[in-house]
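Please look at the structure below, and then work through the questions that follow.

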Amino acid sequence: MDMFGDPAIWLPFVFASLMGLSILIYVILDGYDLGVGVLFPFATDDEKDKMIASIGPFWDANETWLVLAVGLLLVAFPAAHGTILTSLYLPVAVLMIGLIMRGVAFEFRAKAPAAYKRLWNNVFFTGSLMSALSQGFMLGMYVMGLDYTLGHFAFAVLTAVFLTVGYSFIGATWVIHKADEHLQRKAIDWAKGGIWGLMLGIGAISLATPFVSARIFGKWFEFPYLLWLAPLPILSGLIVIWLWRMLQQMPFENDRRSWLPFVAASSLWTLAFGGMAYSFYPYVVPEKLTIYDAASAPESLFIILIGTCVVLPTIIGYTFLAYYIFRGKATELRYD
Amino acid sequence: MMETLLLSRIQFAANISFHILFPTITIALGWTLLFFRLRYNATGEQRWMQAYSFWVKIFALSFAMGVVSGITMSFQFGTNWPGFMETVGNIAGPLLAYEVITAFFLEAVFLGIMLFGFSRVPRWLHTTATGLVAFGTTMSVFWIVALNSWMHTPQGFEMIDGVAHATDWWAIVFNPSMPYRFFHMMLASFLTVSFLIAGVSAYRWRIGGNTDGVRVAMKTALITAALLIPVQILVGDMHGLNTKEYQPAKIAAMEGVWDTERGAPLLLFAWPDQAARENHFEIGIPGLASYILTHHWDGEIKGLNEFVADDGTALHPRVAPVFWSFRIMVGTGILMLLISWTSIAMMMRKDRNGDGRRGVEGLPRFWQIGLVAMTFSGWIATLAGWYTTEIGRQPWLVQGVLTTKQAVADVPAPMVLSTLIAYLAVYVILLGAYITVIFYLARRAAQGKSIEFGVSPSVRAQSRIVAEE
Ligand code: HDD
Ligand code: HEM
Ligand code: HEM
């Protein structure tokens, strides 16, 4: 228990958890709306409007979790922040430009002259794709320890593709929940395709991760640790099988349980993320810098923690309020 | 390394300049929308609702631009200026974190309700959401300006092994330049929005869309501008006095004073020549600069030559950009004063049969063109103001603590150059699209057409809008 007495020990841990939590919330929430953007080319013009309507009230708040995540990295682990972001300089720039393009396309596609709507739809798609790919690329590079070799680069390209497919999968499950009739059936088909990408992605990262370092290998395959980790792949496998069977039978009568695929997809995400967090702990820059070395001064972290404890529940509260207000099938988005 | 520094600075300046354009609009426009909304709640008059429903669209567009460019800002610290967080992260970190948790989430969540919740939530909740969004933007300004001001006038910390550690949070947040900067920025936002509303309304009016909604927006905007511009000039003056105390080198550059002098003239025009360390073509009002800054006609102003190291390197910023951007800001401010007061004078005239004021009908057509021309004047003043402040701080990033050079990332210059070009291209296109769309929406509204966002707006709604306009 002595350990909990020393703020230089538990504060970094708390902040690493908070950062992990906001990254997880981010990849689920912005994951689905980026995914919706990636699916754009497969939809007709009418369906595009509906898809936009299903994410319109939420995307801004979803993206704020990214700001929080990078903010926490910045404030809690300043030393790691510089190392990670400078070595990901170009993919970050691609991500930024992608997010800019899709964020503004939301507004412009509805407000610009009708003739330009197609153009802004394309901008929306391209921006979503750029964002998803660059995030996947960064994930791959991060897993590989942030140094650029040909092999690592190739791996990162692979994760870029898989994460994008994964996002479009969770996007499709969101559309299943928010749409009806034809579009819903289409989304079910998208989900059936996307689930493969997700599995390949999780599989690839799971296969590669233990071989990046002996330490992680030990955590995965040596005896007592093996038991800790075992539930993750087993649970994930069960969820995938369950999801797969459910998708075969959807849509259910009266649209019952249309939210289930989304919830299942989010759980998969969470499990995969948990596995990653488990493997990399206590490092924030893989194999180079632990969260304890990189942390800010305890008194600064403490000041933030107080605010976070007060504000985070409030944020979660009004996020639920927003999802509650815009519950149900997406209808036209109107200002009045 | 030098090139990386220069390119990173240009990139940072480009990104922050692009970002600040949109907050400047959303901060005050949020409050303005709340005002429209409350007036509508109180009077039930359609014209307030018309004003609300037109400007909320501009708000949504500006907000999206602000958010996405803001995200770029928060990544910049890591990609280009790692030295910044490594040195002063213990102070900058909590301020930025509070901005995210108290401001960004509030805005982002309630924005959805504000924009799309009108017919889904009760009236009080929609009004509250509008108010919370406005409050959120103001909280953003509070925290980010606290940080920025601290970088200009740092206090409340101690340096341990080259890293700043906070000792007094109150002193950090309410550092000496913070109150001035905060109010000056808030007022800048209200002025920017006032001239934006006045300009776009004048444009709608000119092309024949002079509805009650347009009139009421224009009147609100012009009255706000006329009331706030004197306050802004006063606050600006106090801001300058504060700067004189804490960053005398910046003041010397703003005033173009090379040798410490008494009774320094207020230079209306000059060509500062850094190599020769003197001004060419000076035109000035004798003694006025001293008077403004010290309130004595023969008060002393420290000259730039006091800020030169023994080996001759300048410890003051480059003079010409500071000198000129300051004049652009003040010039725009004075123009705003003239235009808003003249407008009010015209609106106060008795109308033809002598039993009332003319109101916005009293503004002649040529005057409306003037207002259209002033649409984005607030942006110009705001940018010029920030350039004065920020360039005037160089070579320091955090005054007396950290130089810009020490903070820069060691990424290869071609990499920075390529991202810089990409950002610039995106910004130019988006800025063009933004301005075009604002005037496009104004034209649609003037023609009484629906300017709705939406999935096939229902017939009912469409007919209602046509009827309203
Ligand atoms: C609509 C915008 C606007 C207008 C009309 C003015 N300003 Fe301003 N000014 C700003 C917008 C602004 C700004 C962008 O908001 C700045 C940059 C940083 C800050 O806090 O405010 C600023 C900075 C700034 C500074 C620099 C502070 C420093 O040294 O760090 C001074 C001395 C003034 N202003 C003074 C004035 C005066 C005397 C004005 C009289 C006409 C004036 N400003 C009009
Ligand atoms: C309040 C938040 C702000 C922070 C934390 C901030 C921080 C910084 C930083 C880190 C730099 C150093 C990089 C450089 O030298 O280019 C800088 C410089 C600069 N900033 Fe700011 N800034 C803020 C607001 C603004 C705004 C709103 C503007 C303009 C609209 C602005 C304009 C500039 C310019 C032009 C430079 C370049 C100065 C030079 O390189 O000579 N800043 N600022
Ligand atoms: C280096 C400096 C800055 C950083 C890192 C930064 C960061 C950000 C971020 C991440 C957002 C998006 C928030 C969201 O997701 O909803 C944002 C929005 C905003 N920023 Fe900044 N910002 C900076 C400078 C400024 C300055 C100088 C001001 C004004 C004085 C400002 C005022 C705002 C406001 C009012 C918003 C919300 C409204 C909008 O999006 O238009 N920021 N900023």
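**Helix packing and iron sites**

Q: At roughly what angle do the axes of helix 6 (residues 89-111) of chain A and helix 7 (residues 117-143) of chain A cross?
A: The model is predicted, so local features need pLDDT of at least 70 and side-chain atom pairs count only at pLDDT 80 or more, while totals for chains, interfaces and linings use all residues. Residues are numbered from 1 along each chain as its sequence is written, chains are lettered from A and ligands numbered from 1 in the order in which they are written, and side-chain values use heavy atoms, with hydrogens and water left out. Helices here are DSSP runs (H or I, at least four residues) numbered from the N terminus, and axes are lines fitted to C-alpha atoms over the stretch in contact, with angles running from 0 to 180 degrees between N-to-C directions. The axes of helix 6 of chain A and helix 7 of chain A come within 7 Å, and they cross at roughly 150 degrees.

Q: Which orientation does helix 6 of chain A have relative to helix 7 of chain A?
A: Angles under 35 degrees count as roughly parallel, over 145 as roughly antiparallel, 65 to 115 as roughly perpendicular and the rest as oblique. With axes that cross at roughly 150 degrees, helix 6 of chain A is therefore, relative to helix 7 of chain A, roughly antiparallel.

Q: How many nonpolar residues are in the contact of helix 6 of chain A with helix 7 of chain A?
A: Ala, Val, Leu, Ile, Met, Phe, Trp, Tyr, Cys and Pro count as nonpolar, Asp, Glu, Lys and Arg as charged, and the others, Gly among them, as polar. Of the residues in the contact of helix 6 of chain A with helix 7 of chain A, eight are polar and three charged, and the nonpolar ones number 17.

Q: Is A:S131 buried or exposed?
A: A:S131 belongs to helix 7 of chain A. Buried means under 20% relative accessible area, exposed over 50% and partly exposed in between, with a 1.4 Å probe and protein chains only. Because its relative accessibility is 0%, A:S131 counts as buried.

Q: Which residues of the protein coordinate the iron atom of ligand 1?
A: Donors are N, O and S atoms within 2.8 Å of the metal (3.2 Å for Na, K and Ca), and sites may look incomplete because water is not among the atoms. At 2.0 to 2.3 Å, the iron atom of ligand 1 is coordinated through NE2 and SD, which belong respectively to B:H184 and B:M329.

Q: How many residues apart in sequence are the parts that B:H184 and B:M329 tie together?
A: Both B:H184 and B:M329 are buried. B:H184 lies in helix 6 (residues 178-206) of chain B and B:M329 in helix 10 (residues 319-348) of chain B, so the separation in sequence of the parts they tie together is 145 residues.

Q: Which residue is the single donor from the protein to the iron atom of ligand 3?
A: The donor atom is NE2, 2.2 Å away from the iron atom of ligand 3. It belongs to a residue in helix 1 (residues 2-43) of chain B, namely B:H19.

Q: Which residue is the single donor from the protein to the iron atom of ligand 2?
A: The residue has its place in helix 12 (residues 377-393) of chain B. Its OE donor is 2.4 Å away from the iron atom of ligand 2, and the residue is B:E390.

Note on methods: Helix = DSSP H or I, 4+ residues; strand = E, 2+ residues; numbered from the N terminus.
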